[in-house]
2 protein chains.
Amino acid sequence: MLEKTITAITPLDQKAMAAAQDRQAQLTKPTGALGRLETLSVQIAGITGRIDPPLTERVVIVAAGDHGVTAEGISAYPSAVTPQMVLNFLNGGAAINVLARQAGARVVVLDVGVAADLPDHPDLIKAKVAPGTNNFTKGPAMTRNQAIQAIEAGMTAVTREAEQGLHLVGTGDMGIGNTTPSSAICAVLTGAGIAEVTGHGTGIDDAAWQNKVMVIQRALDKNQPDPQDPLDVLAKVGGFEIGAIAGIILGAAANRIPVLVDGFISTAGALIAAALAPLSRDYMIAAHRSVEPGHKIMQQHLNLDPIFHLDLRLGEGTGAALAMPVVVAATVTLNEMATFSEAAVSGRL
Amino acid sequence: MLEKTITAITPLDQKAMAAAQDRQAQLTKPTGALGRLETLSVQIAGITGRIDPPLTERVVIVAAGDHGVTAEGISAYPSAVTPQMVLNFLNGGAAINVLARQAGARVVVLDVGVAADLPDHPDLIKAKVAPGTNNFTKGPAMTRNQAIQAIEAGMTAVTREAEQGLHLVGTGDMGIGNTTPSSAICAVLTGAGIAEVTGHGTGIDDAAWQNKVMVIQRALDKNQPDPQDPLDVLAKVGGFEIGAIAGIILGAAANRIPVLVDGFISTAGALIAAALAPLSRDYMIAAHRSVEPGHKIMQQHLNLDPIFHLDLRLGEGTGAALAMPVVVAATVTLNEMATFSEAAVSGRL
């Protein structure tokens, strides 16, 4: 499925993009005056193949998994919070629920690696690869087959939504400890230094931060992930939910659905996706710039310019949900504004 | 009315702000993880005096006026576009109409100085001070009394909305040539150099930009506006719609209504408002950072951190409308998220 999905990802539709650009130039505003809204409208036209795609069916898929590396004391919160927050998502009480409601989006939780049994629930997809990754300071986080399994779980989830008429998807994550594998992936795939791409996550102090940097260094020394082989990187120092997010992005691209990439963890998934299928990058929209220092490095590596700079650092897909109305606004202004001739407005002097 | 409104502006409600801050700390997320959404929710509590204000009644007030200084060739578009665009607003075809609809806001147009007769329309407030300002390279743009009249027209417009239950207001502008007075106001009130705060507006070329800088220099030399007297600055090198925007901001503050300040022209109005009533600054929310170079200088002078960096340069209140869902999201997350105890989620290690 992985190979097939990657092959299904094709370049953006240049004809639709030219049509969007042409219409932007006729609308009652100075050319370019809507800035990023204009470029977004052109990108969405290229993704969907039309200038006026419906964007009403919206989903945030929150991939969840646990991390063996939490044994090294790299998080401010206990791993028990992962399943507790999944239940919070299913009960509608988390930030992502509130923000998705505001954005007219459903929340779907994808369990690819939570270290707890979770109840059946209509909004929960059970696709557990294993109950948490291995502690990657001792050896690989997962096998290569498990990495593929996690990616394919994300692909399956988004493809199922696509079959039901999905127009716009956001990625989200839940997994105590998951800034650590995200920083590791960032260091390997962008070549940046570990200290440069490691932050304070949910709120560790400086001593814990120094330990976190050393933990990542030990993990890279032990596992020697191959920067030319994204599956090797994901397997050795990644996480199941990060793999699933890569799969959501690749699956969205294969289905020509715009995908809002949330924060630091989601962008780690985006790095894996772009390394597996470079064309997938054109289907990504960066929702926001997190306070995690590695996020900027990741986004620059992917050449993604985020919509928001709001100092968010929550994950869950919260930035993606918050950005959905902006993406919708981009396409709606393109289609609903009057042209100079329709409105009898004079052009330039 | 001006004096009375300024006196009615009082500090933010510290008790409501403390209550909002306290609740933020109990919600199921690491403290501070929602970044600017958290500080916005606290500011809105301080403005409204409650942590759960309704924010459903939303209006963007677009102040419109013409500028005698267009005779100096400082704009890429003819002044005829001002009334043409007002008609476009009233017909629902402009970017602000589309974005306000998306944001669940009404658009009200406030004519304080359009150089044309406009038809009666339920969404148009007729409060013309004069049909355009005077060319301020030859003398003052308007009299001091006209400056007060423009400000009071903005106050009256927002107070009328407040009486009808307004919860959230955005400022907007229309007026061909109005980046020129905005740059002049910025230079006088922030002390920055003219070339530093002058941009390409709707799209003039470099030769026209050099002329624009010289026009502003001549206007300041001729009129000698007093930086300590904001009414003098507005009268000598301002615009009617800029005065009206200052009035909208002051009126919103007096009525304890959060006000989203749009782009470069609206922020020129905010500079006047803050100079007249420093407490009004606490009621302002900066919607976005325009590509006009003076906008950053204005926002830094006001200590306002914009929600968006989207390279917008359209005005009309488009950035304010686009930011409304973010402001709503800030208050809604504060109120609708579950607390750690409600959701049985573990705290920090």
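**Exercise 1.** Determine how many residues of strand β4 (residues 168–174) of chain B are buried, and state what this implies for the strand.

*Solution.* Buried means under 20% relative accessible area, computed with a 1.4 Å probe on protein chains only. In the predicted model, 7 of the 7 residues of β4(B) are buried, so the strand is largely enclosed by the rest of the structure.

The model is predicted, and local features need pLDDT of at least 70, side-chain atom pairs count only at pLDDT 80 or more, and totals for chains, interfaces and linings use all residues. Residues are numbered from 1 along each chain as its sequence is written, chains are lettered from A in the order in which they are written, and side-chain values use heavy atoms, without hydrogens and water.

**Exercise 2.** Identify the strands that pair with β4(B).

*Solution.* Strands are DSSP runs (E, at least two residues), numbered from the N terminus, and two of them pair if DSSP finds at least two bridges between them. Strand β1 (residues 58–65) of chain B pairs with β4(B) in the parallel sense over 7 bridges; here B:A63 stands opposite B:D173. Strand β5 (residues 259–261) of chain B also runs parallel to β4(B), joined by 2 bridges, and B:G170 has B:L260 as its bridge partner.

**Exercise 3.** Give the strand order of the open sheet in chain A and locate its edges.

*Solution.* The order of the 6 strands is β3-β2-β1-β4-β5-β6, with parallel pairing. At the edges stand β3 (124–126) and β6 (284–286), each with a single partner strand, so one side of each has no neighbour in the sheet. The twist averages 30 degrees from one strand to the next.

**Exercise 4.** Describe the packing of helix α13 (residues 318–336) of chain A against helix α5 (residues 95–103) of chain B.

*Solution.* Two packed helices are described by the angle between their axes and the distance between the axes. For this pair the angle is about 135 degrees and the axes are 9 Å apart. That makes α13(A) oblique to α5(B) (under 35 degrees is roughly parallel, over 145 roughly antiparallel, 65 to 115 roughly perpendicular, and the rest oblique). The contact (heavy atoms within 4.5 Å) involves A:V328, A:A329, A:V332, A:T333 and A:E336 on α13(A), and B:V98, B:L99, B:R101 and B:Q102 on α5(B). These residues divide into 5 nonpolar, 2 polar and 2 charged.

Technical notes: Axes fitted to C-alpha atoms, helices over the stretch in contact; angles between N-to-C directions. Helix = DSSP H or I, 4+ residues; strand = E, 2+ residues; numbered from the N terminus. Nonpolar A, V, L, I, M, F, W, Y, C, P; charged D, E, K, R; others polar. Buried < 20%, exposed > 50% of the residue type's maximum accessible area, 1.4 Å probe, protein only.
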